[in-house]
Amino acid sequence: MRSANPVLTRLDDTARAERQVLGVGATRPMTVDDVVVRTVGLLLLTGATGAVAWTYVTDGWAAPAALGSALAGLVLALVISFRRITNPVLIAGYAVLQGVLLGVASRGFEAVYPGIVVQAVVGTFGVFVGMAVLYGLRVLRATPRFTRLVVGALIGVVVLSLVNLAVYLIAGRQALVVYSTGSKVGWLPYVFALVAITVGALTFVLDFDLVERGVRDGLPVRYAWFCAFGILVGLIFLYWQILRLLSYVRR
């Protein structure tokens with residue numbers, strides 16, 4: 001079973017390889033608690049960094065800080081994902097970079113739409129908890145058909161978002177995603193935002209399933225950092241989608 005989140009795609013194969021190389025009992029296997037503790041720690045680090053950036057990064061440095069942290073965070077995320085790095089220092093570095101970006105960008109949204117950040121945070125964790133409950137009750141399960149649908153939808157959202165961004169940078173036109181906080185919003189961006197939120201929420205079902213498989217298959221404990229990193233990526237993606245939708249509604 002593959003996850004829609006590319007960060008967690010190959011953990012099943014890694015678990016088998018680790019057991020073959022190290023042997024049974026060579027290292028402590030990870031538990032769900034290990035993943036939870038590390039996920040909470042990364043979220044706290046991201047939030048604390050975001051609060052510092054919100055407070056101390058001046059308006060003159062806001063754009064360079066946002067751009068620099070976004071690019072550095074993207075590069076680091078790709079390196080961690082494709083090389084399946086479990087180094088907590090690098091993963092914590094990603095959390096710090098995302099904290100800077102979230103803090104600066106969220107302050108900009110809050111200045112235009114007071115109260116929107118709290119609403120987006122509550123909405124993000126509300127969706128996450130809701131999906132965890134649905135998964136725990138087995139209302140939603142990562143069947144092969146479900147996985148194919150979610151993976152296909154996620155690829156579509158990402159590709160369309162990149163195309164829309166390229167059109168905006170080249171021609172200044174905003175279609176599926178409205179980047180300017182002062183531009184008018186038609187019905188299409190609303191639909192696309194709702195689709196992105198739905199897809200982002202459903203990817204958690206696949207990630208929960210894959211983490212559960214990793215625990216069952218005896219993945220070494222250091223991979224709890226990798227799983228926590230993947231969940232953090234998903235939460236940040238969902239936060240941006242909800243924040244954007246709320247900004248549309250507030251206009």
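Figure 1. The model is a prediction in which local features need pLDDT of at least 70 and side-chain atom pairs count only at pLDDT 80 or more, whereas totals for chains, interfaces and linings use all residues. Residues are numbered from 1 along each chain as its sequence is written, and side-chain values use heavy atoms, with hydrogens and water left out.

**Figure 2. The protein chain as a whole.** The secondary structure comes to 8 helices and 0 strands, helices (H or I, at least four residues) and strands (E, at least two) being DSSP runs numbered from the N terminus. Buried residues make up 41% of the 251 residues in the protein chain. Of the contacts (heavy atoms within 4.5 Å) with a separation of 6 or more, 85% are between residues 24 or more positions apart.

Figure 3. The structure holds 8 aromatic pairs, for which rings of Phe, Tyr and Trp (its six-membered ring) must have centres within 6.5 Å, with planes under 30 degrees apart counted as stacked, over 60 as edge-to-face and the rest as tilted. In one of these, the ring centres of Phe128 and Phe204 lie 5.0 Å apart with the planes at 85°, so the pair is edge-to-face. This pair links distant parts of the chain, since Phe128 belongs to helix 5 and Phe204 to helix 7, 76 residues apart. Phe128 counts as buried at 18% relative accessibility, and Phe204 is buried with a relative accessible area of 0%. The rings of Tyr223 and Phe226 also form an edge-to-face pair, because their centres are 6.4 Å apart and their planes stand at 85°; these two residues are 3 apart in helix 8 and are therefore separated by about one helical turn. Tyr223 is buried at 8% relative accessibility, and Phe226 is buried at 0%.

**Figure 4. The ring cluster and the neighbours of Phe204.** Ring pairs link Phe128, Tyr135, Phe204 and Phe208 into a cluster. Arg138 lies over the face of Tyr135, at 4.8 Å from the ring centre, a charge being placed over a ring if NZ of Lys or CZ of Arg is within 6 Å of the ring centre and within 35 degrees of the ring normal. Leaving aside residues up to four places away in sequence, Phe204 touches Phe128, Met131, Ile231, Gly234, Leu235 and Leu238.

**Figure 5. Helix 4 and its packing partners.** Helix 4 (residues 88-112) has 25 residues and reaches 36 Å from its first C-alpha to its last, close to the 36 Å expected at 1.5 Å a residue, where the expected span is 1.5 Å times one less than the number of residues. Its buried residues include Ile91, Tyr94, Gln98, Arg107 and Phe109, and the buried residues of helix 4 pack against helix 2 (32-56), helix 3 (59-83), helix 5 (116-136) and helix 8. At the start of helix 4, a side-chain oxygen of Asn87 reaches to within 2.8 Å of the backbone nitrogen of Val89.

**Figure 6. Arg244 and Ser247 in helix 8.** Ser247 is placed in helix 8 (residues 223-250) and counts as buried at 1% relative accessibility. A polar atom of the Ser247 side chain lies 2.6 Å from the backbone oxygen of Arg244. Residues up to four places away in sequence not being counted, Ser247 touches Phe109, Tyr113 and Ile116. Arg244, likewise in helix 8, is buried at 12% relative accessibility, and with the same exclusion touches Val177, Val178, Phe192, Ala193 and Ala196. Arg244 and Ala193 are 51 residues apart in sequence and 7.4 Å apart in space, C-alpha to C-alpha.

Technical notes. Buried means under 20% relative accessible area, exposed over 50%, partly exposed in between (1.4 Å probe, protein chains only). A polar contact is a pair of N or O atoms within 3.5 Å; within protein, one must be able to donate a hydrogen and the other to accept it, and residues adjacent in sequence count only if both atoms are side-chain atoms.
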